[in-house]
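I opened my notebook and decided to look things up one at a time. Here is what I wrote down, entry by entry.

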Amino acid sequence: MSSFMPWKDPRLAAGIALIAGGGLAGSVLLGGETTIPVLRAEHAIAAGTVVDAGHFVVEELPERVGDGYVRVGEIPEGAIAAHTISAGDLLAGSALEATRTKVDLSLPLLADPPSSVGIGAEVEIWRVRSAQFDTDAEAHRIADGAVLVSIDAPDSVSARGAQAQVRVSPADVPNILEVLGTQDGLVIVGSVGAP
C-alpha cells in the first residue's frame, strides 16, 4: 500500500486556495449594489398639499442614483408639495417646499371638468355670466394657474352640480368669491400648454 496522502499534495492545496479565492472575488464583484430606501408616490399629490409618509410606499434604489431623492423618515414636518407629484413618481428633494403659496377653495361648477383634466392638473377658472333680458351671456377667465385638488361628482338627488376643490393664488380669491355671490357660474378649463 502506498503512503501517498492526497490532502498533503501541494497541488491540491493550491487548487483549494484558487477556488476559495475565486469564490471570494466573485462574491465581492458580483454581490449587488448597496441600496437605499426612498419614497414613491402611491397616488397623485396635487401641488400645495401637505406631504407625509402616508402618501408614499418604500422603493429600494441603488445608492449611486438615489442621492436626489428623499429617504424614508426624511420628510420635514409640514412639508408642502412644490408641484404635482404623479402616482408612481419618486419623491425628489426639489418637490418639497416649506410654505404654501396658494389657498384652497371649494367651487360649485356649472359643468363637469373635461375628462383630460385630472387631480393635480393646472387649470383656468372661468366666470360664465347669465343672460339677462337686456344682455347676452358671456364668459371670461378670472383665474389661471390654479391646481385641481379634487372633484366631487354631481348629486342627482339635490340636483347640485359638480363641486371642485382648487388651489389658487391669493390674488385670485376676491374675483372667485365675487362670482359666488351672484347668479353667475364657474367652469374649470384645462390650461393651454399643460400636459
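**Entry 1: the overall layout**

How many helices and strands does the protein have? I found 2 helices and 9 strands. I kept in mind that this is a predicted model. Reading along the sequence, I wrote down the pattern α-β-β-β-β-β-β-β-β-α-β.

Next I looked up some totals. The protein has 195 residues, and 28% of them count as buried. Its accessible surface comes to about 12,000 Å², and carbon and sulfur atoms account for 58% of that. I also looked at contacts between residues at least 6 apart in sequence: 62% of these join residues at least 24 apart.

**Entry 2: helix 2**

Which residues of helix 2 are buried? In this helix, residues 173-180, I noted Val 173, Ile 176 and Val 179. They cover an arc of only 130° around the axis, so they sit on the same side of helix 2.

**Entry 3: the nonpolar cores**

I turned to the largest nonpolar core, which has 19 residues. Those with the most contacts inside it are Leu 107, Ile 125, Val 166, Val 168, Ile 176 and Leu 186. Which elements give two or more residues to this core? They are strand 5, strand 6, strand 7, strand 8, helix 2 and strand 9. Strand 7 gives the most, with 4 residues. Another reminder for myself: in soluble globular proteins, nonpolar side chains tend to be buried together.

Ala 81 belongs to strand 3, residues 80-81. Is Ala 81 buried or exposed? Its relative accessible area is 0%, so I marked Ala 81 as buried. Beyond residues up to four places away in sequence, Ala 81 touches Ile 45, Ala 46, Ala 47, Gly 48, Thr 49, Val 51, Ala 95 and Glu 97.

Thr 49 is found in the loop between strand 1 (35-41) and strand 2 (56-62). With 17% relative accessibility, Thr 49 counts as buried, because the cut-off is under 20%. Its side chain makes a polar contact of 3.0 Å with the side chain of Arg 167. Among the other residues that Thr 49 touches are His 55, Ala 79, Ile 80 and Arg 100.

For contrast, I checked Ala 53, which lies in the loop between strand 1 and strand 2. Ala 53 has a relative accessible area of 53%, so I marked Ala 53 as exposed. From Ala 53 to Ile 75 I noted 7.2 Å, C-alpha to C-alpha, for two residues 22 apart in sequence.

**Entry 4: salt bridges**

How many salt bridges does a search of the whole structure find? It finds 6. In one of them, Arg 40 pairs with Glu 59, and the closest N and O atoms are 2.9 Å apart. This pair links distant parts of the chain, with Arg 40 in strand 1 and Glu 59 in strand 2, 19 residues apart. Arg 40 is partly exposed at 28%, and Glu 59 counts as partly exposed at 28%.

Asp 184 and Arg 127 meet in a salt bridge too, at 2.8 Å from N to O. Asp 184 is in the loop between helix 2 and strand 9, while Arg 127 is in strand 6, 57 residues apart. I marked both Asp 184 and Arg 127 as buried.

My last pair was Arg 129 and Glu 138, with a salt bridge of 3.7 Å. Arg 129 is partly exposed at 31%, and Glu 138 is partly exposed at 42%. Finally, salt bridges that share partners join Arg 127, Glu 178 and Asp 184 into one network.

Note on methods. Residues numbered from 1 in each chain as written. Predicted model: local features only at pLDDT ≥ 70, side-chain atom pairs only at ≥ 80, totals over all residues. Heavy atoms only, no water. Buried < 20%, exposed > 50% of the residue type's maximum accessible area, 1.4 Å probe, protein only. Polar contact = N/O pair within 3.5 Å; in protein donor to acceptor, adjacent residues only side chain to side chain. Contact = heavy atoms within 4.5 Å. Arc of directions from axis to C-beta. Core = buried A, V, L, I, M, F, W, Y, C linked by side-chain atoms within 4.5 Å. Salt bridge = Lys/Arg side-chain N within 4 Å of Asp/Glu carboxyl O. Areas by Shrake-Rupley, 256 points an atom, 1.4 Å probe, with all protein chains shown as cover.
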